[in-house]
Amino acid sequence: LAQDVRVTDAACGNSFTILVCASGRLLVCGANSSGQLGLAPCEEVVPAVPLAHPSFLTSKIKFVSFEAGTNHALLLDDAGDVWQTGSSASSEPLTPVICGRDVSLVAAGGEQSFAITSGSSGGLSRQFSVASDSLLSSA
């Protein structure tokens with residue numbers, strides 16, 4: 001990494017890593033056979049490269065949180081939208097999967113993904129299965 005890049009967080013899956021920089025930009029490296037880096041599938045990406053998507057060119061998307069599963073990752077942006085990479089995503093390597101629901105927390109592990117929205121009083125109100133964007137429970 002360049003010396004002027006400040007990494008503020010990292011998530012590791014099965015042989016891949018996603019880094020978030022202070023700028024909100026993401027850097028990715030490692031195994032990518034399932035598109036888990038958010039790039040077109042290939043065997044491996046080394047060294048770390050910026051994660052790019054056409055949406056990033058037309059807006060100022062900043063990622064604030066992310067989690068990695070075995071061969072996928074969930075990325076939460078500052079608008080509360082969730083993006084997914086890898087084996088559970090659609091045919092696109094980086095896909096918005098939950099939009100306009102004000103997600104406050106994402107979790108991923110193994111082959112599972114989960115998102116929680118904030119209630120108007122700040123409490124947790126709805127929990128979604130990311131794979132199906134279906135409501136699991138409501139407070």
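This is a predicted model: local features need pLDDT of at least 70, side-chain atom pairs count only at pLDDT 80 or more; totals for chains, interfaces and linings use all residues.

Reader: Is Cys12 buried or exposed, and what makes you say that?

Author: Its relative accessibility is 55%. Exposed means over 50%. So Cys12 counts as exposed.

Reader: And why is Phe16 called buried?

Author: Buried means under 20%. Phe16 has 1% relative accessibility, so the label is buried. Phe16 lies in strand β2. Its contacts include Cys29, Gly30, Leu37, Ala68 and His72. Asn71 is also among them.

Reader: What stands opposite Phe16 in β3?

Author: Gly30 does. Strands β2 (residues 16–21) and β3 (residues 26–31) run antiparallel and are joined by 5 bridges.

Reader: Why do 5 bridges make β2 and β3 a pair?

Author: Pairing takes at least two bridges. β2 and β3 have 5, so they pair.

Reader: Which sheet has β2 and β3 in its order?

Author: An open sheet of 4 strands, in the order β1-β2-β3-β4, with antiparallel pairing. What makes β1 (7–12) and β4 (44–50) edge strands is that each pairs on one side only. From one strand to the next, the twist averages 10 degrees.

Reader: Which other sheet has 4 strands?

Author: An open sheet with the order β5-β6-β7-β8, again with antiparallel pairing. Its edge strands are β5 and β8 (94–98). Neighbouring strands here are turned by 25 degrees against each other on average, direction ignored. Within this sheet, β6 and β7 pair over 5 bridges in the antiparallel sense. Ala73 has Thr85 in β7 as its bridge partner.

Reader: How many helices and strands does the chain have?

Author: 1 helix and 12 strands. Along the sequence the pattern is β-β-β-β-α-β-β-β-β-β-β-β-β.

Reader: Now the rings. Why is the pair of Phe63 and Trp83 called edge-to-face?

Author: Two tests apply. The centres must lie within 6.5 Å, and the planes must be over 60 degrees apart. For Phe63 and Trp83 the centres are 6.3 Å apart and the planes stand at 75 degrees, so the pair is edge-to-face. The count comes to 1 aromatic pair.

Reader: What does the pair tie together?

Author: Phe63 lies in strand β5 and Trp83 in strand β7 (residues 82–86), so parts 20 residues apart in sequence are tied together. Both Phe63 and Trp83 are buried.

Reader: How many residues are in the largest nonpolar core?

Author: 17 residues. Ile18, Leu26, Leu51, Phe66 and Leu75 have the most contacts inside it. At least two residues come from each of β2, β3, β5 (63–68) and β6 (72–77). A second, separate core has 8 residues, including Leu74, Leu76, Val103 and Ala108.

Reader: What does Leu26 touch?

Author: Leaving out residues up to four places away in sequence, its contacts include Ile18, Val20, Val49, Phe63, Phe66 and Leu75.

Reader: How much of the chain counts as buried?

Author: 41% of its 139 residues.

Reader: Why is Ser15 called exposed?

Author: The cut-off for exposed is over 50%. Ser15 has a relative accessible area of 54%, so exposed is the label. Ser15 sits in the loop between β1 and β2. Its phi is positive, about 70 degrees, although Ser15 is not a glycine.

Reader: Last one. What is the omega of the peptide bond from Val46 to Pro47?

Author: Near 0 degrees; this bond is cis. Pro47 lies in strand β4.

Technical notes: Residues are numbered from 1 along each chain as its sequence is written. Side-chain values use heavy atoms; hydrogens and water are left out. Buried means under 20% relative accessible area, exposed over 50%, partly exposed in between (1.4 Å probe, protein chains only). Axes are lines fitted to C-alpha atoms, for helices over the stretch in contact, and angles run from 0 to 180 degrees between N-to-C directions. A nonpolar core is a set of buried Ala, Val, Leu, Ile, Met, Phe, Trp, Tyr and Cys residues joined through side-chain atoms within 4.5 Å. Contact means heavy atoms within 4.5 Å. Rings of Phe, Tyr and Trp (its six-membered ring) pair if their centres lie within 6.5 Å; planes under 30 degrees apart count as stacked, over 60 as edge-to-face and the rest as tilted.
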